[in-house]
Amino acid sequence: MKILLWGTYDTGKPRIRILRDGLRASGVDIEEIHEDIWGKISDKSSVRGAGRWSRLGLRLLAAYPRLIWRYLRARDHDVVLVSYPGQLDVLVLRPFAWLRHKRIAFDWFISAFDTVVQDRKLTRQHSPLARLIWWGERLASRAADMVFMDTAIHAKRMEKLFRLPCGSVGRVWVGAEASFFQRRTRRTEHEYLQVLFYGQFIPLHGIDTIVEAARLLNHAPVQWTLIGRGQEAPRIRAMLDEQPLPALRWVEWVPYETLREWIEQADVCLGIFGTSEKAASVIPNKVFQVVACGCPLVTRESLAIRELFGDVSHCIRLVPAGDAQALANAIRGCVETVRSLPDTCHADLKERIDAAAVARQFLSMISERFPETSQTNDL
């Protein structure tokens with residue numbers, strides 16, 4: 001099979017790297033036609049002001065003619081894969097893919113409307129900007145021949161939110177990069193239980209719930225480490241300035257390549273605890289990464305997390321969303337039990353979350369949605 005990966009996709013996100021590398025390892029012929037627009041923007045919601053958006057728009061306007069020219073000259077392929085953030089890419093590509101009689105597979109991954117309007121509430125639900133984003137995403141989802149999200153429950157939410165046909169949005173998990181996240185080689189014994197959270201400090205993560213849980217366990221033998229920065233950082237900083245927590249340290253940034261070292265030093269890692277519909281619909285990168293490293297995990301209960309874990313194992317504890325007391329109780333329980341857990345935590349999930357598994361999910365969906373493509377490649 002020949003797949004053309006096209007557009008302004010963000011290679012800084014593990015999502016596209018995992019899928020791309022998994023497909024290559026599976027023997028798929030991948031050609032890339034790419035313009036790097038997002039390389040220096042880790043959090044797209046941080047792009048504020050007319051000036052920054054104008055500069056970004058000009059970069060896109062300059063990039064698309066080059067991308068289109070290269071696409072029209074590209075060698076033959078079976079499917080064009082447009083990855084995150086590809087809403088505008090799909091709309092630009094559509095007439096040229098039609099011209100070449102090619103199918104478009106769109107990795108929606110993160111909805112701009114769901115993120116900007118419903119989850120982060122950066123604009124009002126019925127504002128002109130919100131309506132523009134909604135209609136743009138709906139058009140993009142209808143322009144692609146195949147659309148997929150990261151979980152089945154997330155896919156169903158997008159179908160409902162954007163009034164799409166039932167079953168039209170597929171699922172391909174995020175997975176974890178084996179080159180960065182491997183099973184822990186040692187378990188350091190600590191006097192205190194070491195609890196680690198890392199992330200971009202967005203509402204979906206529920207950082208305030210973590211801080212409140214740490215406050216409830218202020219006198220317990222637990223030390224908390226937060227790594228990250230983002231939209232919620234000023235509010236969290238104000239909470240900690242008002243009532244300091246000696247047992248909690250906050251590291252604003254560490255290189256992605258060193259995250260495994262931090263996980264290795266932790267006794268327990270935290271997932272997400274936000275109360276939004278989006279938080280209930282996703283399995284974030286950190287969960288796959290923690291599972292790949294074999295570290296015990298505490299995260300919020302959701303239908304999405306059940307897709308990965310099914311019946312919860314002894315290496316994961318699920319708590320109600322936004323419930324600081326439940327999180328504190330779970331961590332208190334970990335003080336008693338976590339050091340007795342085997343080093344084989346999550347071992348049964350390893351082959352379900354690596355790049356090869358992600359590629360298999362994608363290729364299975366291609367075969368199901370575009371059977372003529374798989375038949376052609378079998379000849």
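Guide: A disulfide is a pair of cysteine sulfur atoms within 2.5 Å. This is a predicted model, in which local features need pLDDT of at least 70 and side-chain atom pairs count only at pLDDT 80 or more, while totals for chains, interfaces and linings use all residues. Residues are numbered from 1 along each chain as its sequence is written, and side-chain values use heavy atoms, leaving out hydrogens and water.

Visitor: Which cysteines form a disulfide here, and how far apart are their sulfur atoms?

Guide: The structure holds 1 disulfide, formed by Cys 315 and Cys 345 with their sulfur atoms 2.1 Å apart. The link of Cys 315 and Cys 345 is left-handed, with -80° about the S-S bond.

Visitor: Is Cys 315 buried or exposed?

Guide: Buried means under 20% relative accessible area, exposed over 50%, and partly exposed in between (1.4 Å probe, protein chains only). Cys 315 is buried, as is Cys 345, whereas Cys 166 counts as exposed because its relative accessibility is 79%. Cys 295 is in no disulfide, the nearest cysteine sulfur, that of Cys 269, being 3.7 Å away; with a relative accessible area of 0%, Cys 295 is buried.

Visitor: How many residues does the largest nonpolar core have?

Guide: A nonpolar core is a set of buried Ala, Val, Leu, Ile, Met, Phe, Trp, Tyr and Cys residues joined through side-chain atoms within 4.5 Å. The largest one has 38 residues, and those with the most contacts inside it include Trp 6, Val 82 and Phe 162. A second, separate core of 35 residues includes Val 222 and Met 239.
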